[in-house]
Amino acid sequence: MAATHSTRMLILGSGPAGLSAAIYGARAGLSPIVVEGMQPGGQLTITTDVENYPGFAEVIQGPWLMEEMKKQAAHVGARMVWDHIVEVDLSERPFRMKGDGGTVYCGDTLVIATGAQARWLNLPSEEHLKGKGVSACATCDGFFYRGKKVAVIGGGNTAVEEALYMTNHSQDVTLIHRRDSLRAEKILQDRLFAHPNVKVVWNKIVERFVGGGDPEGLAALELRDTVTGELSSLDVEGGFVAIGHSPATELFRDKVELDSDNYIVVEPGTTRTSVAGVFACGDVMDKIYRQAVTAAGTGCMAALDAEKFLAEADFEAAAEPALQDA
């Protein structure tokens with residue numbers, strides 16, 4: 001028979017948001033259970049250099065930071081469980097989630113911290129060459145392209161950061177953008193334009209990833225000019241798609257309010273969702289900042305919001321018998 005685990009605070013996701021919620025929830029005596037999900041530690045586990053997280057004068061490693069957060073959460077009383085949730089019932093409290101092995105998790109409150117995943121171009125050639133030269137994570141796979149010619153596709157912060165990161169491995173990095181200006185922060189653009197090993201190709205989209213060799217790998221990108229429609233080819237051995245992320249909200253469609261981009265909608269200034277007792281934090285509700293430190297901050301907020309919700313619910317439950325007797 002499948003096991004059932006119950007807690008005052010159930011947390012789905014184990015990135016900076018989920019683990020910060022776990023730390024604050026545990027310190028409040030709520031004995032949180034953290035269901036870690038398919039990627040324990042979140043996106044920082046596939047990020048090497050982290051240089052903008054407060055408190056560290058030197059560059060730190062993403063996986064190390066997440067291990068330290070996890071240790072801290074466990075130390076103060078949070079319970080970590082590796083499982084992949086396949087069903088969610090938010091129709092009544094306690095809320096219920098079911099893992100793919102049948103284990104049931106019940107929570108008087110639920111904190112959703114499932115994060116976001118990289119977007120792809122959804123080309124057949126992209127799918128065919130994934131892992132063979134096509135990637136969505138330069139920091140994960142960049143090492144394999146040391147000394148090779150590579151391209152990064154996109155125009156936002158992610159794309160510029162990945163292009164700059166790839167200069168650690170390649171002296172020939174091309175950033176391909178479909179428009180004639182970047183959307184990235186100015187400080188990142190300045191660093192990009194000043195780097196001697198990066199060039200930018202404007203007004204181009206990738207029509208096809210071209211394979212070659214034996215064993216097969218990426219050999220070139222077929223590009224189409226967005227203004228003239230002209231086709232051209234760029235020889236590269238590594239292509240990194242960096243066009244943003246999609247929030248991991250599939251489980252919560254028709255269960256909590258989502259916006260037009262499928263991010264969870266929260267009440268401004270809080271982490272409260274459209275369902276009382278359900279809170280959302282981190283990249284699953286934040287499409288503007290998407291930083292580790294802001295994710296951690298909203299994780300703290302979610303735990304404090306959940307603690308307040310439980311305190312009010314407990315007070316009302318205690319007061320009800322007295323009112324009935326009056």
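This tour moves through a predicted model, from its nonpolar cores to a helix pair and then to its sheets. Local features require pLDDT of at least 70 and side-chain atom pairs count only at pLDDT 80 or more, while totals for chains, interfaces and linings use all residues. Residues are numbered from 1 along each chain as its sequence is written, and side-chain values use heavy atoms, with hydrogens and water left out.

**The cores**

Select Met9, Ile11, Tyr53 and Val111, which touch the most other members of the largest nonpolar core, a set of 30 residues. A nonpolar core is a set of buried Ala, Val, Leu, Ile, Met, Phe, Trp, Tyr and Cys residues joined through side-chain atoms within 4.5 Å; buried means under 20% relative accessible area (1.4 Å probe, protein chains only). Next, colour β1 (4-12), α1 (16-27), α2 (62-75) and α7 (292-325), the elements that give two or more residues to this core. Among these, α7 gives the most, with seven residues. Helices (H or I, at least four residues) and strands (E, at least two) are DSSP runs, numbered from the N terminus.

Centre on methionine 9. Leaving aside neighbours within four places in sequence, its contacts (heavy atoms within 4.5 Å) include Leu30, Ile33, Val111, Ala303 and Ala306.

Show α1 and α2. Their axes, lines fitted to C-alpha atoms over the stretch in contact, are 9 Å apart and meet at an angle of about 25 degrees. The two helices are therefore roughly parallel to each other, a term for angles under 35 degrees. Pro16, Leu19, Ala22 and Ile23 of α1 make the contact with Met66, Met69, Lys70, Gln72 and Ala73 of α2.

**The sheets**

Turn to the open sheet of five strands, with parallel pairing in the order β10-β17-β11-β12-β13. Strands pair if DSSP finds at least two bridges between them. Because β10 (134-135) and β13 (198-201) each have a single partner strand, one side of each is left without a neighbour in the sheet.

Finally, select β14 (residues 204-212) and β15 (residues 217-225), which pair in the antiparallel sense over eight bridges. Valine 210 stands opposite alanine 220 in β15. Four residues separate the strands of this hairpin, in which glycine 213 takes a positive phi near 85 degrees. From β15, continue to β16 (residues 231-235), its antiparallel partner over five bridges. In the hairpin of β15 and β16, glycine 229 takes a positive phi near 80 degrees.

Key. Buried means under 20% relative accessible area, exposed over 50%, partly exposed in between (1.4 Å probe, protein chains only). Axes are lines fitted to C-alpha atoms, for helices over the stretch in contact, and angles run from 0 to 180 degrees between N-to-C directions. Angles under 35 degrees count as roughly parallel, over 145 as roughly antiparallel, 65 to 115 as roughly perpendicular and the rest as oblique.
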